[in-house]
There are 2 protein chains.
Amino acid sequence: MPNWICEVKEILPLEPGWRLIARQRLKEQTRPEGSLGLLESFIERLVAIQKKERPEIERKRILIFAADHGVSEEGVSLYPREVTKAMVRNFLNGGATINALARYIQAEVCILDVGVDADFEADPRLLSAKARGGTRNMTREPAMSLEELDRALNAGWDVVRKAKEEDVQILALGEMGIGNTTAASAVVAALTEQDPESVTGRGTGLDEAGLLHKIEVIKRALQLHEGFLKDPLRVLQCVGGYEIAAMTGAVLAAARFQIPAVIDGWIVSAAALAASRLNARVLDYLFFAHQSAERGHRLLLKMLEVEPILNLSMRLGEASGAALALSILEAGIRIYNEVSTFAEAGVANRQSRE
Amino acid sequence: MPNWICEVKEILPLEPGWRLIARQRLKEQTRPEGSLGLLESFIERLVAIQKKERPEIERKRILIFAADHGVSEEGVSLYPREVTKAMVRNFLNGGATINALARYIQAEVCILDVGVDADFEADPRLLSAKARGGTRNMTREPAMSLEELDRALNAGWDVVRKAKEEDVQILALGEMGIGNTTAASAVVAALTEQDPESVTGRGTGLDEAGLLHKIEVIKRALQLHEGFLKDPLRVLQCVGGYEIAAMTGAVLAAARFQIPAVIDGWIVSAAALAASRLNARVLDYLFFAHQSAERGHRLLLKMLEVEPILNLSMRLGEASGAALALSILEAGIRIYNEVSTFAEAGVANRQSRE
């Protein structure tokens, strides 16, 4: 167990007083009450997390957790394993989709190698916290040892604690790892006791036969580890991935250190689910970026009782949905900080007619 | 009839060649094919509208069409008529929600007074093209004369032609007008032959009794003008509004002059519907920002066979949804222009395994 695990109990609920302050200001601004819809609830939570009259999410950091997966040898992805490494290089060279988005929303990008099967040149934007060069094949043995699980959880916790120390105001969590939709589906199936069929999708674009094979692989893995799948940490150990474990640690730390965190798609949501099983309060600090095209994501968001910000049938990963959603949240904060009240603008509010 | 009405026939379809170029480039970028979901179809259309290897939507203009409504004397809104005028002043003072959003996405805001029941001081950001100081009460007589309809249509057409001359690269269309959800519902009901019940919503927040009254008012108006509601221009004249007519002209001009236009919510969608009845090709040039909370909007988007960019239950108007959606489109263009291809990045594409 990581040495911070007792701190997970100390995650604070949002202060109702701050939510009230936010709701009141939203109501006084020159708009019909409630007319920003869901955006208002996001703004309320951001205010309550930051506990500031005028919240700020200017300092944005995108964390991309990268790792390889032993299960990829079962042929569960259209892409070869080497793509994880190549995409990490692409991130560092600024050539990936997330780089274009990060430049657009003016966010830093930080890559965490928590288990890529490759060595990289030193780079200030690449944090090396490798648990091992890829998990083991979960259909034959646990994906990782308990010690490796700890290392991965720690990596996620530490990088968020560091972000807090550096006054980062909002995080976007994303991932890269060939084979990781398989691990995420196994984690979600185990934690929610859903049939693998209903929480397994096509990943990067499997055809029907590929999807059926992937489901069969997940079933085999779950069968092998049956009896060990009762608690979330064991689930991560047996059928998870290093990046999924690290993001679980990151989500817990975001809640513990009160930094809002935007959750990207299917795989990051699986980590958020695992974290929520350790302490359901983490959900107060999370913003689910989008409902992805991956089968099962809609169901998972529903089970978590959260509303996604976007629904564009994206399925890329690498924090791409999180970056887009973050810009919607930032727009919300700008509205909250800048719009005049009815009194300031001399506009009649509806109350004036009653 | 406006003298440009024959030009409406000359609206060009998008060139399949440019769509193909866009699709090809999206496919070659370092991402699984199709993984940006709906965003890819938006990017494709933007490329085909601009006909450029590297499209640009840096120069953005938000057009807000403001007008008053005679039907407001039937008590169909929670807010008094004077709020239209007060909100126009708020826009000019930079204190409204759309101003905060415009600053955030770095867009110009231009207000068109096409029928506000008030006079304003001269202001470079306010274009005066008043057809009349508010429509007539549609439950008693046609909302406007044919001459006023022409004036309103012209105002919208001209402001878009001017934007084209000034090299504006994308438009966001929005509106302000107490009572205008009523006019929009009447227009949609007349054009789609839907029952007013299914296309009438709570506007700025009516309760159940208010909603029933609003539906009854719309039914009365439609009954009065029955027999005149066969063509879209007549519908606008009898039960429309000056801002709805002007936005109809603006949508037609956007398509004619090949500028992409982001359609805000319920009221702008009603104008887009009217324009699409004059030439269905306008839809190629339109991007529907969001599915609003207004009852009927979902149905209307479905009838138009368009996918909204956002779905946040917003119901503010004033181009607020359009501004948010525009930032998603701009992010899409940044991705299209900046992301490396598999070949450039040295990443293995799935084809390499086949």
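Chain A is assigned two domains: domain 1 covers 7-54 + 336-353, and domain 2 covers 60-331. Those bounds come from an automatic or database domain assignment. Keep in mind that this is a predicted model, where local features need pLDDT of at least 70, side-chain atom pairs count only at pLDDT 80 or more, and totals for chains, interfaces and linings use all residues. Residues are numbered from 1 along each chain as its sequence is written, chains are lettered from A and ligands numbered from 1 in the order in which they are written, and side-chain values use heavy atoms, with hydrogens and water left out.

Back to the domains. Taken over C-alpha atoms, the centres of domain 1 and domain 2 of chain A are separated by 32 Å. Domain 1 of chain A puts 17 residues into the contact, and domain 2 of chain A puts in 24. Contact here means heavy atoms within 4.5 Å.

How much area is buried between domain 1 and domain 2 of chain A? About 1900 Å², with carbon and sulfur atoms giving 61%. Buried area is the accessible area (1.4 Å probe) that two parts lose on being put together, summed over both. On the domain 1 side of chain A, A:Ile11, A:Phe42 and A:Ile49 supply 31% of the area buried against domain 2, more than any other three residues.

Now the charges. The rule finds two salt bridges across this interface of domain 1 and domain 2 of chain A. By that I mean a side-chain nitrogen of Lys or Arg within 4 Å of a carboxyl oxygen of Asp or Glu. A:Arg256 and A:Glu7 form a salt bridge through their side chains, at 2.8 Å, N to O.

Chain B brings 54 residues into contact with 54 residues of chain A. Of the interface residues of chain B, 100% are also interface residues in chain A, so the copies meet through the same surface. The area buried between chain B and chain A is about 4700 Å², and carbon and sulfur atoms give 61% of that.

Between chain B and chain A, the rule finds two salt bridges. B:Glu338 and A:Arg103 meet in a salt bridge through their side chains, at 2.9 Å, N to O. α12(B) gives the most to the side of chain B that touches chain A, with eight residues. Helices (H or I, at least four residues) and strands (E, at least two) are DSSP runs, numbered from the N terminus.

Last, the whole structure. Over all chains there are 49 salt bridges. A:Arg220 and A:Glu216 also join their side chains in a salt bridge, at 2.8 Å, N to O. These two, A:Arg220 and A:Glu216, sit four residues apart in helix α7 (residues 208-224) of chain A, so about one helical turn separates them.
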